[in-house]
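Welcome! Take a moment to look over the sequence and turn the structure around before reading on. The paragraphs below will walk you through it step by step.

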Amino acid sequence: LYQGWNSAFSTQSIDRRTEYIGKIKAFKHTLEPRKTSSWCINCLLTGHFIESARFVRGARVMSQKAFNSFYTDTSTYMHRTVAKNWQVLHKDEGGKSVDSGLVYVDINEAFLYGATQLFVCFNEEDPAQLSPEQDPEISVHLKL
């Protein structure tokens, strides 16, 4: 997971040079840094493509339709999809379906076809972009 071109999280590889070059290439395009904050989930080193993805956030974002967008290394930043079809995430407690206080959006599999990198963009209008206090359950679930 990369956040910006100069920071990396959870990256470990035997070939550190390929990993470093991959990180530089992930952010080879320019985005206005004042208007958006981006995460890059890079699965290139796994040798697998991303088959499906689910983005999970706190329930308060359900009414805020355009604060998150996604693009891939195959679609490029010029072709994005916006997280707008939020659904309530239920959890099973004692055989009953209970609201977990979270919502999710599934990213279209056709959009992800052939992708090894998924970019998650947080627009500046989002009042709690990446704040753990505001959204402690933010997560991305991938199927490779």
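What follows is a short tour, from the whole chain down to single residues.

This is a predicted model, in which local features need pLDDT of at least 70 and side-chain atom pairs count only at pLDDT 80 or more, while totals for chains, interfaces and linings use all residues. Residues are numbered from 1 along each chain as its sequence is written, and side-chain values use heavy atoms, with hydrogens and water left out.

Let us begin with the overall plan. The protein chain has two helices and nine strands. Both kinds of element are DSSP runs numbered from the N terminus: helices are H or I with at least four residues, and strands are E with at least two. Of the 144 residues in the protein chain, 35% are buried; here, buried means under 20% relative accessible area, exposed means over 50%, and partly exposed is in between (1.4 Å probe, protein chains only). Among contacts in the protein chain with a separation of 6 or more, 70% are between residues 24 or more positions apart, where contact means heavy atoms within 4.5 Å.

Four strands form it in the order 6-7-3-9, and the pairing is antiparallel. Its edges are strand 6 (87-93) and strand 9 (139-143), each of which pairs on one side only. On average, neighbouring strands of this sheet are turned by 35° against each other, direction ignored; the axes behind such angles are lines fitted to C-alpha atoms, for helices over the stretch in contact, and angles run from 0 to 180 degrees between N-to-C directions. Strands of a sheet pair through backbone hydrogen bonds, either parallel or antiparallel. Two strands are said to pair if DSSP finds at least two bridges between them.

You can trace this sheet from strand to strand. Strand 6 and strand 7 run antiparallel and are joined by seven bridges, with E93 standing opposite K96 in strand 7. These two strands form a hairpin with two residues between them, and G94 in the turn has a positive phi of about 60°. Next, six bridges join strand 3 to strand 7, again antiparallel. Strand 3 is also joined to strand 9, by five bridges and in an antiparallel way. V56 is a handy landmark here: its bridge partner in strand 7 is Y104, and in strand 9 V56 stands opposite S139.

Strand 4 runs antiparallel to strand 8 (residues 117-123), and five bridges join them; T72, for instance, stands opposite L118. Two bridges also link strand 4 to strand 5 (residues 81-82), likewise antiparallel, and there F70 stands opposite T81.

Finally, compare a few single residues. N42 lies in strand 2 (residues 36-42) and counts as buried because its relative accessible area is 19%. The loop between strand 2 and strand 3 holds L45, which is partly exposed, with a relative accessible area of 45%. S63, in the loop between strand 3 and strand 4, counts as exposed because its relative accessibility is 63%. S63 and W86 are 23 residues apart in sequence, and their C-alpha atoms are 8.6 Å apart in space.
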